[in-house]
Amino acid sequence: MIQHIDVHAALQQSVPGFYADLVTRATGRAVREHIERRLADATVAVIDFTGVGCLDYSCADEIVAKLLRARVRVLLLRGVSDAHRETIEPVLRGHGLAAVIERPGGTLETLGPSESAAALVDELVARHLATRTPGGAVVLTPS
Amino acid sequence: MTRLVEVPSQFDDRTFDQFTAAFAQAISDGERLLFDAHAAEWASPYGLVGLLAAGQAAGRGRGEPPLLTAPTNADVLRYWGRMGFFQQAASLFEIHGRYPKAKPQPESDVLLPVTPVQAAQDVHEVVSRIQERAAAILRTVGLDPKATMGFAMALSEACQNIVEHASTGGWVAVQTYHWRRRLARQVVVIAVADAGVGFRHTLEATESRRFADRWGDAAALEAALIQGVSRFRDPGRGQGLKGIRNYLARWEGKIAIRSGTARIAIVPKWDDDAALKDGLPLFPGAQVLIIVPEQGSAKP
């Protein structure tokens, strides 16, 4: 089962005040716990960052890294800005973890150390969640 | 009896240790302190939040607050008021002299007035407020609008050091100004200060053995800023300062952190600051200075 999570909505429901920024470890923890309750038994999750402003390292670690470490095998990130990407990438590298970003048009970009990223792509293909194009790109399999 | 601590007439990171030397000497005998700022001609955001931290430390555990004589120069008073200094100082000091009591109005060069930071909620407020104005202001220093998020991230991480490690509250201020004397360029400055436990105390349990005889304030700062060490064993910890460094490296920025008796800096090529200073006068907590200079203009 693939679970879709709207991170902005999770933020609104987890933290008092109407904030758009994922900052501070306390907020990251609250949002992750909210997401974990939504995930139930899902091992593949689509996490949509649309509407999220600033993302700091503490939140990237609490949400993306800890979900990958403890709850899901595959994390597909949507709505990720360049600034989000710049924060998430070093956090994943620090943990030796990989995730994929869905780009407009459905192509996938891996984040994280190359070995972990390659293993993740193999898993996506094996699960029929993604396919390799003749040009070498990896795209989401139409559902 | 009252001990006098003179506030330097030009009060910024360069003169801060002149101030801390007077502070360390005056506070050692347990008397009430009088911070004399009457002759102040200028104070940077770093000077202002540092003065609040000194007031916080001087009032701790004492029945009466320290004294503060306000600047007499009208322009200086206006500026300190505009920065929101007196709003925060009123709860820490017994202030002598006339000073503006009105709430600071939004000003073009004050990105964020002196703002207290105690909890995660405060960091959210700071990051939200800065983004309302940051994109426009950062453009004036030639930063790509995309740099706004990185700037907010750096601000968030700097403030979180207070929330996570200081064991007390602190203050942050952000301002842009033309740094004529040193750089002849526009700069954006983040200043964060607290009078909490400091980096050495925070890292003592996990790092002191590794550094052995070298352990002290300087080693603690080196561990935190250069090695990205945190008191938590979790590999995801300690990324914040590293993230700030990466952001500043891209924009030729500077970070300096003073804690206890030491000060460490990542020094860009436009500056001649020392990378590490040890044996400074003891000052509690941690004081962080982040400078992002105007891009691609006058050669320093």
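B:Leu68 stands opposite B:Ile95, a residue of strand 6 of chain B, where strands (E, at least two residues) and helices (H or I, at least four) are DSSP runs numbered from the N terminus. The model is a predicted one, in which local features need pLDDT of at least 70 and side-chain atom pairs count only at pLDDT 80 or more, while totals for chains, interfaces and linings use all residues. Residues are numbered from 1 along each chain as its sequence is written, and chains are lettered from A and ligands numbered from 1 in the order in which they are written.

Strands of a sheet pair through backbone hydrogen bonds, either parallel or antiparallel. In chain B, the open sheet has four strands in the order 1-3-5-6, with parallel pairing. Strand 1 (2-6) and strand 6 (94-96) of chain B each have a single partner strand and stand at the edges, so one side of each is left without a neighbour in the sheet. From one strand to the next, the twist averages 25°, with axes fitted as lines to C-alpha atoms, for helices over the stretch in contact, and angles running from 0 to 180 degrees between N-to-C directions. Helix 1 (residues 16-27) of chain B lies across strand 1 and strand 3 (32-36) of chain B, and runs at about 170° to strand 1 of chain B.

Taken as a whole, chain B has nine helices and 13 strands, and its C-alpha trace spans about 50 × 45 × 35 Å along the principal axes. Of the 300 residues of chain B, 51% count as buried, a residue being buried if 20 or more other C-beta atoms lie within 10 Å of its own, exposed if 12 or fewer, and partly exposed in between, with C-beta atoms placed from the backbone.

The domain assignment, whose bounds come from an automatic or database source, gives chain B domain 1 (1-98) and domain 2 (108-300). The centres of domain 1 and domain 2 of chain B, taken over C-alpha atoms, are separated by 22 Å. Their contact takes 21 residues from domain 1 of chain B and 25 residues from domain 2 of chain B, where two residues are in contact if their C-beta atoms, placed from the backbone, lie within 7 Å. On the side of domain 1 of chain B that touches domain 2 of chain B, the elements giving two or more residues are helix 1, helix 2 (45-59) and helix 4 (85-89) of chain B, and helix 2 of chain B provides the largest share, nine residues.

Chain B also meets chain A, in a contact that takes 22 residues from chain B and 22 residues from chain A. Helix 5 (120-140), helix 6 (147-166) and helix 9 (239-250) of chain B each supply at least two residues of the side of chain B that touches chain A, to which helix 6 of chain B gives the most, with nine residues.

Key: Pairing = 2+ DSSP bridges.
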